[in-house]
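Please keep the model open beside them as you read.

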Amino acid sequence: MGAYLSTPVTDKEVFEGQGQSVNYGGGSMQGWRRTMEDAHIAEVGLSGHPGCAIFGVFDGHGGAEVAKFCQKYMSQEVQNFEHFGAEGVEDCLIQVFHRMDDMLRDHKYAEELEQLKTKDDAEDEESRAEGDGDGAMSMDALEMIKRVFQIKRWQGEQPPGSDSSSPGAAAGEESMATDAAAAAAGGSSSSSATAANSDNGGGSSAAAPARVIE
């Protein structure tokens with residue numbers, strides 16, 4: 001059944017905690033996906049401020065590595081901004097999303113991202129590369145979209161005039177992105193935390209009004 005199971009995994013993991021001005025709780029369930037692809041953060045007392053907390057849900061969108069990467073780094077990165085604090089929380093939150101994108105594009109994190117992939121993710125990519133089953137047709141729509149964005153990301157780092165930045169290549173990739181988007185269906189695994197849905201994808205739902213930092 002491709003990237004999906006014949007029956008969903010309905011076992012749930014739950015967590016809860018509290019800070020100076022907030023009580024929180026959440027849960028996650030793998031669902032129809034072959035592996036759990038979502039991740040979350042729930043931290044209170046940021047930078048020594050008892051009333052400051054961050055909550056986020058990261059959707060794996062067909063692969064767990066980016067969700068896990070943001071789970072590992074986002075909280076610390078938002079606190080690294082010089083103007084983080086009562087007057088700069090909203091601006092820092094915007095900037096940290098761009099910071100995550102920059103880190104994901106940085107080659108020095110490439111090996112770590114590979115290690116964060118689940119075993120099933122790695123096996124799926126290997127089998128597709130070898131042409132198992134229906135070959136390219138076995139790639140689901142979400143995986144195709146992810147591949148297209150990876151191509152676009154690497155192209156942005158190449159010098160002007162390189163072969164991959166030619167109009168013909170760009171047109172072909174745009175066509176593939178259009179076909180993939182037309183075939184795309186929503187993700188299946190879900191994870192929830194009582195605060196916010198931080199969108200590395202979609203499909204994960206927050207269990208409370210969307211307020212990321214208090």
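1. Is A67 buried or exposed? A67 counts as buried, with a relative accessibility of 0%; buried means under 20% relative accessible area, exposed over 50%, and partly exposed in between, using a 1.4 Å probe on protein chains only. Before we go on, please note that this is a predicted model, in which local features need pLDDT of at least 70, side-chain atom pairs count only at pLDDT 80 or more, and totals for chains, interfaces and linings use all residues. Residues are numbered from 1 along each chain as its sequence is written, and side-chain values use heavy atoms, with hydrogens and water left out.

2. You will find A67 in helix α1. Helices (H or I, at least four residues) and strands (E, at least two) are DSSP runs, numbered from the N terminus. Apart from its neighbours within four places in sequence, A67 is in contact with E37, D38, A39, F58, D59 and G60, where contact means heavy atoms within 4.5 Å. As for A39, its C-alpha atom is separated from that of A67 by 5.5 Å, although the two residues are 28 apart along the chain.

3. S75 is another residue of helix α1. S75 is buried, with a relative accessible area of 3%. Its side chain is joined to that of E43 by a polar contact of 2.8 Å. A polar contact here is a pair of N or O atoms within 3.5 Å; within protein, one must be able to donate a hydrogen and the other to accept it, and residues adjacent in sequence count only if both atoms are side-chain atoms. Not counting residues up to four places away in sequence, S75 touches E43, L46 and I54.

4. Now for strand β4, residues 53–58, where 6 of 6 residues are buried. In a regular strand, side chains alternate between the two faces of the sheet. Both faces of β4 are covered, with A53, F55 and V57 buried on one side and I54, G56 and F58 buried on the other. Strand β3 (residues 39–44) runs antiparallel to β4, and 6 bridges join them; two strands pair if DSSP finds at least two bridges between them. In this pairing, A42 stands opposite F55.

5. Do have a look at the charged pairs too. The count comes to 5 salt bridges, each a side-chain nitrogen of Lys or Arg within 4 Å of a carboxyl oxygen of Asp or Glu. One of them joins E77 and R99, at 3.0 Å from N to O. This pair links distant parts of the chain, E77 in helix α1 (residues 65–80) and R99 in helix α2 (residues 89–105), 22 residues apart. E77 is buried, at 14% relative accessible area, while R99 is partly exposed, at 30%.

6. E37 pairs with R33, their closest N and O atoms being 3.5 Å apart, and both residues are buried. The side chains of E114 and K117 meet at 3.2 Å, N to O; K117 is buried, with a relative accessible area of 14%.

7. Which residues of α2 are buried? They are V89, C92, L93, V96, M100, M103 and L104. Viewed down the axis of α2, its buried residues fall within an arc of 110°, so they line one face of the helix; the arc is that of the directions from the helix axis to the C-beta atoms. E90, I94 and H98 are exposed on the other side of α2.
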